[in-house]
Amino acid sequence: MNKYILVAPCHFGLESVLKREIYDLGYEIIKVEDGRVTFEGDEEAICRSNIFLRTTERVMIQVGRFKAYTFDEFFEKVKALDWERYIPENGRFWVTKANSIKSKLYSSSDIQSLAKKAIVDRLKSVYGIQWFKEDGANYPIRIFFNKDEAMVCLDTSGDSLHKRGYRKMVSKAPISETLAAALIMLTPWHKDRILLDPFCGCGTFPIEAAMIAANIAPGMNREFTGEKWNNVIPKKMWYEAVNEAMDLVDTDIDTDIQGSDIDGEIIKAAMKNAEDAGVANLIHFQRHPVNEVSHRKKYGFIITNPPYGERIEDRENLPSIYGDLGNLYRSLDSWSAYVITSYDKTEEDMGIKATKNRKIYNGMMKTYFYQFLGPKPPKKEGKK
């Protein structure tokens, strides 16, 4: 087994959740930075991380990390990396993305073209050829510049890991699967507790919660770019990781996970998405406006992504929507509520002061995760 430095990006503000996931998989954390966690692992770790991690956008191999202040310096340092360890003679490689923050080298297109040329020069000398067919497997490269430090990575995932494969029908402004999973995992909710999303849309929060409850690995039903890297990762390792994931699935459990929405068509879409995710039997969806939602049990959780007012014509409805959400929360004895939104009058219109408030970036949008904490349920007899 070879050792690799692996990089897993995530939403800003949720690094602690991803860090815990990686620890739980059994891997050593090297570094935690804004929006990413770096850890060490072998070929098996690449497979298992892609299949099991719920809160990362992708899993990348760090090929090199270095300071570069000029394009000449950048070119030479990219060329010096051991690309032949990863890219075979017929491999198709390109720089799919280059970002630069607070660095002297900031032109993404120049960074991309120079990196490609540097890699070609390196592989020409190693393989002794002047022209590459590039008719083999894909080896996409991502480069991140921050304060003049370049991190050069190979992307093992391909499509972002939020694309689980179940969400073919979406609502207006849906929350991503990785963000939904991370927010759920940030709460004390677990599978024997009630979870209610009164603005469920296409069902992302309830579906991700049900997948967590049933121990369904988020990547077990999709493909990854690294699956075709037979020169780096033996094919059998991907099969073994999927088999491990399948052995852990348990859908024969009792849950109380509910999703509701005012839109009947989007509820149908949520039900279809839950079916495709294999958790339809674990979730109860119903069409209800928020002011008609209720629950008779105690100590449940509201976890939801209400409207933000992205469109001007929707904004006039926000005070009544958040007012109804506040009324719902007050009607549920001893519950806790977790609300992600960019709406700046959330507490005012709900009529409740949040216990905690966490800033989270949903893409480029700054949002807040309002946490209204209720009492803990009494301990069951026999438990300490």
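Biologist: Which residues touch the most other members of the largest nonpolar core?

Modeller: This is a predicted model, in which local features need pLDDT of at least 70 and side-chain atom pairs count only at pLDDT 80 or more, while totals for chains, interfaces and linings use all residues. Residues are numbered from 1 along each chain as its sequence is written, and side-chain values use heavy atoms, with hydrogens and water left out. A nonpolar core is a set of buried Ala, Val, Leu, Ile, Met, Phe, Trp, Tyr and Cys residues joined through side-chain atoms within 4.5 Å, where buried means under 20% relative accessible area with a 1.4 Å probe, protein chains only. Of the 97 residues in the largest such core, those touching the most other members are F74, W83, I143 and V279.

Biologist: Which residues is V279 in contact with, leaving aside its neighbours within four places in sequence?

Modeller: Contact here means heavy atoms within 4.5 Å. With those sequence neighbours set aside, the partners of V279 are I207, A210, M211, I216 and A274.

Biologist: In what order do the seven strands of the open sheet run?

Modeller: Strands are DSSP runs (E, at least two residues), numbered from the N terminus, and two of them pair if DSSP finds at least two bridges between them. The pairing in this open sheet is mixed, and the order is β10-β9-β8-β11-β12-β14-β13.

Biologist: Which strands are at the edges?

Modeller: Each edge strand pairs on one side only. The two are β10 (283-287) and β13 (356-362).

Technical notes
Buried means under 20% relative accessible area, exposed over 50%, partly exposed in between (1.4 Å probe, protein chains only). Helices (H or I, at least four residues) and strands (E, at least two) are DSSP runs, numbered from the N terminus.
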